Every structure is written in structure tokens, then in C-alpha cells.
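Visitor: Please show me the model. I have a few questions about how its parts pack.

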Amino acid sequence: MWLAHGVGGRQDLPIPFGLALTGALVALLVSFVALGALWREPRLGDDAGSALPLPAPVQRVLASPAWPWLCRLLGLVVAAYLGLGFAGPDTADNPTAGVVYVLFWVGLLPLSLLFGPVWRSLNPLRTLHLLACLALRRDPVRGLRDLPSGLGYWPAAAGLFAFVWLELVAPHRVSLPVIGGWLAGYAVAMFAGAVVYGSRWFDRGDAFEVYSALVGRLAVLARRPDGTLVRRHPFDGIAGLRPAPGLVAFVVVLLGSTMYDSLSNAPFWVRLLQAGVAPPPLVGTAGLAVVVALVLAAYLAATGLAARLGGRSVRDCAGELAHSIVPIAVGYLVAHYFTLFVLEGQRTLALLSDPLGIGADWLGTGSWAVRGFGTSPASTAVLQVTVIVLGHVFGTVLAHDRALRLFDRRTALVGQLPLLVLMVLYTTAGLLLLFAA
């Protein structure tokens, strides 16, 4: 079943677990020492001087008033076509589950890494709200009340947890009634928020817009506040992320849910579910909540100790360093979902040619055969270990640069030691789950 994400197991990996872990920890330690010796002033977060504008012809096309409407129309048309699957038979050949869990959820990651916060432009819920406001001659930005400053990313964090629960825990989660019911409830919640708070609600309340925006900060392409499209260093984009209520919760749910997904494929967890000690949805919900809580506890403990060593507020330190978790989460997501996206993505595209199950081939993809494209156990394992390690190294770089801004020079390096321990802990846990799956 495609919901068993990833391929192979520990016996399939081309390198021993001890060697992989040792290499990862050495990479972290070397990075930490090198940063302490060579990177003594904050350098990230201000791309005004380093970002390069795109060529003028590209600027003119993408700055055209027609471009945003083209993206909105594309989002609506694609969503309408994909929605045809709900009118088809609820069988294994229905593409809806693959569309939601693979093409949309997993596919949003590479799209955002390449092109920035793309879901803001494509989001059909945002477009429908805009069209409704235009029809009623209302300003889409204005709602019944102002967006509370303390709300932050909390609604998006709750929405993200609800979605990963659907994906990983919910009973019959590939069936049309369950998927359709969840999407309908989510759409109602988003429209209600937009009515009350205006279109700015989507920026903080829509879990998928927030997800795309956070990942999109690692993209090379970006848009300045004046609208100029530029090429920038991806570290500058993510380093510019500022603290906000609920931001820590969002990135922790993103990271913790991916860790739980690996845990749920481990043999001991499968045996626990099969033992029947409690209904599987109850065990799964508890497991997901516990893993997210453990990831959060480790993060708060590390940032709290760093704050004390550096003489800063514990709350401020946790928020200021949340951006360093984003590349770690991205590394886990790529490692965990790569084979699912490549293999099941092809199958879903083939099924999408006949969403109603009537024997049609509307897209011409119905006869596609699923190809491996290099997803052997050995090559996949090398990719998984590499992206997990790189994600932690990038997180170390971001944490180091931010620590130089937060702490004075005397305590900057000492204040980073708890963060190094946190990176080591996350790396060890990630590789353990990878090798145990």
C-alpha cells in the first residue's frame, strides 16, 4: 500500500548504521567548529545587496496584472478537475487519495523550494474569497474585525496537525468520504476565517499557505517588497523569518509528524498496533501527539538553556531560532517522501486521465507505466542520509548566525552548545528511524 512511505529497510541500506551516524555527527561537529572560528559576524537576513534582479523581460511578464489572474485561474481549473475524482467510484483506482497526499502535499515541497510561496497564488480558496468580495463590492483585505496580533500561526499549526492526523492516523483515510469530509470542513473553516478577518487570514491561518511560505523562504527566487523579482542566497530568505506566536508550534508539528511517519513504519510499532491493546486510531493519535511533544520538549529545553547561557529571554530565544528548524524539516520531508512522490506520483498521474472511472484517457497518461528513475534501495538510502545531514548542517549555520545577533561575543559560542546538542539529538533520532523502518 502506498501509504507505507519510503522503500526498503535497514538491511537494504548500503552503509552500516554506525558509520552513517558517525559521519553525520562528525559533519555537525566540524561545521560547529568551523563556524565558531570563521563566522564571527552575522551575515544573513539582509539580501538587499546580494540579491540580483531577474532580467527585465522576465520582470515585465511576471509584473503584468494578468499574471496573478492567470495563476488564480490555473488553481481553480486544476482544483475543479481534480475534484472530479469525488464523483468516481471509491476504489483503489480512484486518484483522489494520491492527488491529496502525494501530488498536493508532497509536490508542494519541490514547487515551493523552486519558486517560493506558490500556494498563495494558486490557492483556490483564496481565489473564491476574492471573487466573492468582488461580486459583493467589498475589500477582500478587510473583514469584520482586525486580525489579532496574538493569533499568529496558531490556526495554521492546528490545521497542519489536523492534516497530518488525517494522512497518518485517521481510519479509512484513503476513502472518498473521509478525504472529502476533511476537505469540506477545512474549506468552511478557511472561509469563516476570511469572512471575519479578511484575506490576511490565509497568510497565517491556512496551513498549506504557511507551509509553502516557510519552505519558499529557501527558494533562490524571491520578490522584494517593491515587487522586484530577484535571485538571492536561500539562507538570506529563511534568515529573514521573524518570530511570531505559533511559529514554533508550526515547525515542530512539521518536523514531529514526519518523524512519527517514519516511526509508524517501524516493525515494533506495527506489532504494537497489531497487538490490539487499543483501537489503532487511538494508538496512532497518542503516538503522533507524543512524538510532536518530544520534539517540542527537546527544542524548548535546548533554546531555554541557550537563553540562560546567553542572558536572553527564554521565550524570545525560542521564537528567534525557530527558522533553523525549517531546513531540518525539509531534509526529513525529502528523505521520507522521495520514493513516494516519484513512484506513486506517476501512478496518480496515470489514474488522473480517467478520474470518473469511465474508461477515458483525457490527459493521455492512462497508459503510463511506473518507472523507478533511480529509486533503488541503495541510491535512495544515500539520498536519505545526505539530505538529513545537510538539513541539520544548514540548521546549524542558521542557528549560529542568529546566535551572533542574539548574544554578545563572549557568550555567543557557549550559548550555541545546547543547540548543537539539539542538532545531534535530532540527527540521531532521524537516522535511527530511517534505519529502523
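This is a predicted model: local features need pLDDT of at least 70, side-chain atom pairs count only at pLDDT 80 or more; totals for chains, interfaces and linings use all residues.

Visitor: How do the axes of helix α8 and helix α13 run, roughly parallel or roughly antiparallel?
Guide: Take α8 as residues 154-168 and α13 as residues 247-264. Their axes come within 9 Å and cross at roughly 10°. Angles under 35 degrees count as roughly parallel. So α8 and α13 are roughly parallel.

Visitor: How many nonpolar residues does the contact of α8 with α13 have?
Guide: On the α8 side, the residues include Trp154, Leu160, Phe161 and Glu167. They meet α13 residues, among them Phe250, Val253, Ser257 and Asp261. By class, the contact has one polar and two charged residues, and the nonpolar ones number twelve.

Visitor: Arginine 232 lies in a loop. Is arginine 232 buried or exposed?
Guide: The loop runs between β3 (229-231) and α12 (234-239). The relative accessible area of arginine 232 is 14%. The cut-off for buried is under 20%, so arginine 232 is buried.

Visitor: Which backbone oxygen lies 3.3 Å from a polar atom of the side chain of arginine 232?
Guide: The arginine 232 side chain reaches the backbone oxygen of arginine 217 at 3.2 Å. The one at 3.3 Å belongs to alanine 219.

Visitor: How many disulfides does the structure hold?
Guide: A disulfide needs two cysteine sulfur atoms within 2.5 Å. For cysteine 133, the nearest cysteine sulfur is that of cysteine 71, 20 Å away. Cysteine 133 is thus in no disulfide. The count for the structure is zero.

Visitor: What is the relative accessible area of cysteine 317?
Guide: Cysteine 133 is buried at 8%. Cysteine 317 is buried too, with a relative accessible area of 1%.

Technical notes. Residues are numbered from 1 along each chain as its sequence is written. Side-chain values use heavy atoms; hydrogens and water are left out. Axes are lines fitted to C-alpha atoms, for helices over the stretch in contact, and angles run from 0 to 180 degrees between N-to-C directions. Helices (H or I, at least four residues) and strands (E, at least two) are DSSP runs, numbered from the N terminus. Angles under 35 degrees count as roughly parallel, over 145 as roughly antiparallel, 65 to 115 as roughly perpendicular and the rest as oblique. Contact means heavy atoms within 4.5 Å. Ala, Val, Leu, Ile, Met, Phe, Trp, Tyr, Cys and Pro count as nonpolar, Asp, Glu, Lys and Arg as charged, and the others, Gly among them, as polar. Buried means under 20% relative accessible area, exposed over 50%, partly exposed in between (1.4 Å probe, protein chains only). A polar contact is a pair of N or O atoms within 3.5 Å; within protein, one must be able to donate a hydrogen and the other to accept it, and residues adjacent in sequence count only if both atoms are side-chain atoms.
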